[in-house]
Amino acid sequence: MREDLLHFIWKYKKLQVGQLVTTTKEAVTILDVGSHNHLAGPDFFNAKINIGGQLWAGNVEIHVRSSDWFAHKHQHDAKYNTIILHVVWEHDIAVSRNDHTEIPTLELKNYISNQVLENYRNLFDTSRFTFINCERDLSKIDKFTFQNWSERLFFERLEQKSDVVLKLLDTTKNDWEHVLFIILLKSFGLKINGEAFYSLGRALDFSIVRKLQQEVLQLESVFMGLSHLLENEGISDDYHSTLKKEYRHLKAKYELSDIGVRKPEFFKLRPSNFPTLRLSQLANLYATRPNLFSIVIEARELSELYSVFEARASTYWENHFTFGKLARKSSKKVTKKFIDLVILNALLPLKYCYAHRMGKDVHEEILEIASKIIKEENSIITNFESLGISHGNARETQATLQLYKGYCSQNKCLQCAIGNSLLSENS
């Protein structure tokens with residue numbers, strides 16, 4: 001027996017019909033189970049329960065065994081003096097408050113149907129699945145339940161991505177342009193160089209970016225110099241030499257420091273994602289798009305964002321991927337697929353946070369933009385599609401990624417609408 005199942009049973013009142021009684025034979029009538037608390041403290045707040053003819057309002061604590069109260073040291077925590085009912089699977093010892101009054105205990109094992117327990121065992125039977133717990137039963141979920149849960153998952157993922165925006169607002173004293181710059185850097189670094197680019201954004205005084213904004217060469221020199229990409233002494237290349245000279249000048253002028261800036265990686269990257277190209281593209285974006293934050297916030301359509309972020313690297317990079325090594329000439333322009341990632345990982349979280357701060361509702365606008373972005377392709381999405389879950393756009397794939405990473409891979413089936421539906425089946 002697991003405690004999360006008992007939480008589920010209590011929250012959704014999955015108890016067999018009949019008179020409930022405490023371990024001391026007092027009648028129990030549940031008027032309100034209370035609100036589920038996922039943080040520290042009692043498991044359910046503000047419940048209303050009639051116990052032995054007396055109406056009680058307070059909190060409920062749930063354990064597998066009564067003795068878990070002592071194992072968790074609740075007897076030393078004043079927060080648990082508000083418990084009006086102790087709900088357990090098995091009662092093995094009486095529990096009292098600090099004033100020595102015994103807490104009424106409801107033992108659940110005689111009030112739970114065999115069907116609920118069977119559904120639970122099937123859901124967590126490791127012999128039945130190779131990918132996720134509910135893979136054999138996922139097709140049973142009705143479309144309405146799945147679509148509603150999918151939209152909630154999309155915004156749950158968006159809110160998680162927004163955490164970095166909120167933290168940066170605190171450190172930048174609510175400078176939205178500065179926040180955009182840092183999260184763009186992180187997004188341009190993708191998975192492998194995201195943290196390295198993020199460290200660059202944190203180390204570089206954004207006022208300097210503002211001063212150099214119309215000078216692509218100077219921006220490139222600062223970005224690459226601070227990122228330790230100009231340190232190779234064995235390169236005889238005019239462009240590399242020019243950037244080094246410019247960086248030395250700007251470093252002294254603005255007292256730049258590369259302390260804490262991680263050097264980005266080239267290993268395991270496709271040449272089009274090399275940090276040299278991505279930093280050049282970002283430098284060109286900022287040189288051609290003043291007031292970028294306002295442009296992003298005012299954009300209402302996906303096509304507008306595509307147009308804004310249609311940046312390309314400087315001319316030198318048309319026949320280079322790294323300094324001093326010629327390559328076949330090609331335009332080093334950001335692709336729509338790359339812009340899609342920037343929109344999902346940086347721009348939509350930023351728009352969401354800004355609207356929230358301004359008291360505006362942009363849920364429909366964000367859903368509309370995400371729904372027009374081509375679906376993502378990765379092993380997680382492929383596995384879900386093999387189970388019959390189709391995806392038509394990035395809104396749906398973002399929701400599925402949140403489902404897998406936030407619930408399936410962590411066995412949080414009882415906190416998932418799909419798991420709840422399967423557990424409730426025929427019970």
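Does Glu365 count as buried or exposed, and at what relative accessibility? At 18% relative accessibility, Glu365 counts as buried, the term being applied under 20% relative accessible area, with exposed meaning over 50% and partly exposed in between (1.4 Å probe, protein chains only). The structure is a predicted model, in which local features need pLDDT of at least 70 and side-chain atom pairs count only at pLDDT 80 or more, whereas totals for chains, interfaces and linings use all residues. Residues are numbered from 1 along each chain as its sequence is written, and side-chain values use heavy atoms, with hydrogens and water left out.

A search of the whole structure finds 16 salt bridges. In one of them Glu365 is paired with Arg300, the closest N and O atoms being 3.5 Å apart. This pair links distant parts of the chain, with Glu365 in helix α14 (residues 363-371) and Arg300 in the loop between α11 (292-298) and α12 (302-308), 65 residues apart. Helices are DSSP runs (H or I, at least four residues), as strands are (E, at least two), numbered from the N terminus. Arg300 counts as partly exposed, at 43% relative accessibility. Glu365 also meets Lys351 in a salt bridge, with 3.1 Å from N to O. Here too the pair links distant parts of the chain, Lys351 lying in helix α13 and Glu365 in helix α14, 14 residues apart. Both Lys351 and Glu365 are buried.

Lys375 lies in the loop between α14 and α15 (379-386) and Glu385 in helix α15, so the pair ties together parts that are 10 residues apart in sequence. Lys375 is partly exposed, with a relative accessible area of 26%, and Glu385 is partly exposed as well, at 30%.

Helix α13, which holds Lys351, has a kink of about 45 degrees centred on Ile343; the bend at a residue is the angle between axes fitted to the seven residues ending there and the seven starting there. Gly359 follows α13 and has a positive phi, near 75 degrees.

The nonpolar interior was examined next. A nonpolar core is a set of buried Ala, Val, Leu, Ile, Met, Phe, Trp, Tyr and Cys residues joined through side-chain atoms within 4.5 Å. The largest has 132 residues, and those with the most contacts inside it are Trp10 and Leu184. Helix α13 (residues 336-358) gives the most to this core, with 12 residues. Another core, of 5 residues, lies apart from it and includes Trp69, Tyr80, Ile83 and Ile103. Contact means heavy atoms within 4.5 Å. Not counting residues up to four places away in sequence, Trp10 touches Ile30, Val33, Phe44, Ile49, Val60, Ile62, Leu85, Val87 and Leu106.

Helix α4 (residues 143-171) has 29 residues, which at 1.5 Å a residue should span 42 Å; its end C-alpha atoms are 43 Å apart, which agrees. The expected span is 1.5 Å times one less than the number of residues. A kink of about 30 degrees is centred on Ser162 in α4. At the start of this helix, a side-chain oxygen of Asp142 reaches to within 3.2 Å of the backbone nitrogen of Phe144. Helix α4 is followed by Lys173, whose phi is positive, near 55 degrees.

For helix α9 (residues 238-254), the 17 residues should span 24 Å, and its end C-alpha atoms are 24 Å apart, in agreement. A side-chain oxygen of Asp237 reaches to within 2.9 Å of the backbone nitrogen of Tyr239 at the start of α9. The buried residues of α9, among them Tyr239, His240, Leu243 and Tyr247, pack against α7 and α8. Glu255 follows α9 with a positive phi, near 55 degrees.

Gln213 is placed in the loop between α7 (206-211) and α8 (216-226). Gln213 is buried, with a relative accessible area of 14%. A polar atom of its side chain lies 3.2 Å from the backbone oxygen of Tyr286. Beyond residues up to four places away in sequence, Gln213 touches Leu219, Tyr286, Ala287, Arg289, Pro290 and Asn291.

Definitions and conventions:
Polar contact = N/O pair within 3.5 Å; in protein donor to acceptor, adjacent residues only side chain to side chain. Salt bridge = Lys/Arg side-chain N within 4 Å of Asp/Glu carboxyl O.
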